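Subject: Handing over a structure

Dear colleague,

Please find the structure we discussed below, followed by my notes on what was found in it. I would be glad if you could read the notes with the coordinates open.

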Amino acid sequence: MGAEISVDELTVRYRSKNGNFVDALGPISIHVEAGEKVALLGPSGCGKTTLLKVAAGLLKPTSGRVLIDGEEPDLPRRRGEIGVVFQKPTLLPWRSVLENVLLPLRIRGRTDDRVKRKAVNLLRAIGLGGFEHSYPNELSIGMQQRCALARAMIQSPRVLLLDEPFAALDEMNREMLNFDMLRLCEPTHITALLITHNVYEAVLFSDRVVVLSARPGQKVTEVRVDLGPARDPRLLESERYYEHVISVRKALRIPRLMMAS
Ligand SMILES: Nc1ncnc2c1ncn2[C@@H]1O[C@H](COP(=O)(O)OP(=O)(O)OP(=O)(O)O)[C@@H](O)[C@H]1O
Ligand SMILES: [Mg+2]
């Protein structure tokens, strides 16, 4: 079962190497319910990756906080309850596909036949059946991202954080991977946060789209995606889907209007 994510008055200020401060994010508050899927849309540089890093327990807030089921993210991260997929696949080139997927468990000394079977099943479910013993440089970028997704899911996380995972893919591949990911997530009731620049992907994947302003990113508005939990390819040809796409496109104009005023 998924965990809830509470982003509460979060701000992040970086100190760059030249000594200047960069206000990267916030203050921002977002509440993601257990099992909910939220897409984050916002202009480049507004602090989306920064927010994801704090939620993953990889970066400390400057002020405010993120809690995962009431705990600092560092704790669930150490327990393997947070799966992360970055924009680049970040696989280890000297390990096979199967070994890359098993890596989080190897680090914790928890690989047995059962988890190996789980890894093989995950790879099959994500379209990489038969490639278990290939190496990352023998795979396309789309296949590498599939592998990274299987690695993020191997510990059955309660939270899945996705930072533009399919940005480098062509439209058809991206669509297929989105449906594979939805199928993988559905039985787990996982809580998911997806960063994307793609309005179609945001609507297809989420229960709610949150729109951020330019840096430092603040929540401008949100659009509820009322398309039910089961999403299948026919949805992409429905009017209801496009109505939501249009609503999100309109919502995206709000930050630009704010900047112009
Ligand atoms: N380690 C860092 N040190 C200093 N500034 C940083 C650091 N990381 C990010 N920034 C700055 O913080 C701001 C937000 O960066 P972030 O990567 O979170 O944006 P983003 O919304 O993910 O952008 P994109 O959509 O292009 O991926 C940017 O202005 C960036 O230059
Ligand atoms: Mg980013």
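**Domains and their contact**

In this predicted model, the centres of domain 1 and domain 2, taken over C-alpha atoms, are separated by 25 Å. Domain 1 covers 5-81 + 159-260 and domain 2 covers 91-156, with bounds that come from an automatic or database domain assignment. Twelve residues from domain 1 and 14 residues from domain 2 take part in the contact, where two residues count as in contact if their C-beta atoms, placed from the backbone, lie within 7 Å. On the side of domain 1 that touches domain 2, helix α6 (residues 171-185) provides the largest share, five residues; helices here are DSSP runs of H or I with at least four residues, and strands are runs of E with at least two, both numbered from the N terminus. By class, that side of domain 1 has eight nonpolar, three polar and one charged residues, counting Ala, Val, Leu, Ile, Met, Phe, Trp, Tyr, Cys and Pro as nonpolar, Asp, Glu, Lys and Arg as charged, and the others, Gly among them, as polar.

**Conventions and confidence**

Residues are numbered from 1 along each chain as its sequence is written, while chains are lettered from A and ligands numbered from 1 in the order in which they are written. As the model is predicted, local features need pLDDT of at least 70 and side-chain atom pairs count only at pLDDT 80 or more, whereas totals for chains, interfaces and linings use all residues. The protein averages a pLDDT (the predictor's confidence in each residue, from 0 to 100) of 92, and 97% of the residues score at least 70. Confidence is lowest in helix α8 (residues 239-260), with a mean of 83, and highest in strand β4 (residues 63-68), at 98.

**The ligand shell**

The residues that surround ligand 1 include Tyr14, Lys48, Thr49, Thr50 and Arg215, a residue being near a molecule if its C-beta atom, placed from the backbone, lies within 6 Å of it. β2 (21-32) and α1 (48-55) each supply at least two residues of this shell, and α1 gives the most, with three residues. The shell has four nonpolar, six polar and two charged residues.

**The sheet**

An open sheet of three strands runs in the order β2-β1-β4 with antiparallel pairing, a pair requiring at least two DSSP bridges between the strands. Its edge strands are β2 and β4, each of which pairs on one side only. Eight bridges join strand β1 (residues 5-15) to β2, and arginine 13 stands opposite aspartate 23 in β2.

Best regards
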